[in-house]
Amino acid sequence: SSFKPSFSSSSTPSAPPSNVPSWISALPSDSPSLSPTMHCHDIPTYYSSKGLYCSDFKFVVKLLPCAQLDGLGVHQKDIIDVMQNCPRTCGYCITEAPSFLPSATPTQSFLP
């Protein structure tokens, strides 16, 4: 068996991809993941240029979203750093199963 591409069409082409998933998992699972995704966790070693950890922002973000921390004098670069490193604190973790249809009123992401 060769892993190189051929220059001619196959006499037995593969089936086209389906429009539905091969399987659907039960949501939510009964146990936590053995390998959780990192985008829904604050980075525990992160601290801002002012020396603040993600946990230090928890009270503030109840009053003001992370994306609007400039209202407290936080520089734009620091805001982006906080949003990237503290997604749970900032409330950016997805907590429910996503819908199958796109939103009729999508919102702009502030993450790169």
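Asp81 forms a salt bridge with Lys77 in this predicted model. The closest N and O atoms are 2.9 Å apart. A salt bridge here is a side-chain nitrogen of Lys or Arg within 4 Å of a carboxyl oxygen of Asp or Glu. Side chains of opposite charge can pair when their charged atoms come close. Asp81 and Lys77 both belong to helix 2 and are four residues apart, about one turn of the helix. Lys77 is exposed, at 58% relative accessible area. Asp81 is among the buried residues of helix 2. Buried stands for under 20% relative accessible area, exposed for over 50%, and partly exposed for the range in between, with a 1.4 Å probe and protein chains only.

Residues are numbered from 1 along each chain as its sequence is written. Local features require pLDDT of at least 70, side-chain atom pairs count only at pLDDT 80 or more, totals for chains, interfaces and linings use all residues, and side-chain values use heavy atoms, with hydrogens and water left out.

Asp78 also lies in helix 2. Asp78 is buried yet has no salt bridge. Its nearest side chain of opposite charge is Lys77, 5.1 Å away. For charge, Lys and Arg count as positive and Asp and Glu as negative, while His and the chain ends are not counted. The Asp78 side chain instead makes a polar contact with the side chain of Ser49, at 2.9 Å. A polar contact is a pair of N or O atoms within 3.5 Å; within protein, one must be able to donate a hydrogen and the other to accept it, and residues adjacent in sequence count only if both atoms are side-chain atoms. Not counting residues up to four places away in sequence, Asp78 touches Tyr46 and Ser49. Contact requires heavy atoms within 4.5 Å.

The protein has three helices and zero strands. Helices (H or I, at least four residues) and strands (E, at least two) are DSSP runs, numbered from the N terminus. Helix 2 spans residues 76-85, and its buried residues are Asp78, Ile79, Asp81, Val82, Met83 and Asn85. These buried residues pack against helix 3 (87-90).

The largest nonpolar core has eleven residues: Tyr46, Cys54, Phe57, Val61, Cys66, Leu69, Ile79, Val82, Met83, Cys86 and Cys90. Helix 2 supplies the largest share of this core, three residues. Such a core is a set of buried Ala, Val, Leu, Ile, Met, Phe, Trp, Tyr and Cys residues joined through side-chain atoms within 4.5 Å. Val82 is in contact with Tyr46, Phe57, Cys66, Leu69 and Cys90, leaving aside its neighbours within four places in sequence.

Pro65 lies in the loop between helix 1 (60-63) and helix 2. Pro65 is partly exposed, at 42% relative accessibility. Its C-alpha atom is 9.8 Å from that of Thr89, 24 residues apart along the chain. Tyr47 is found in the segment before helix 1. The C-alpha atoms of Tyr47 and Asp81, 34 residues apart along the chain, are separated by 9.2 Å.

Across the 112 residues of the protein, 17% count as buried. Of the contacts with a separation of 6 or more, 61% are between residues 24 or more positions apart.
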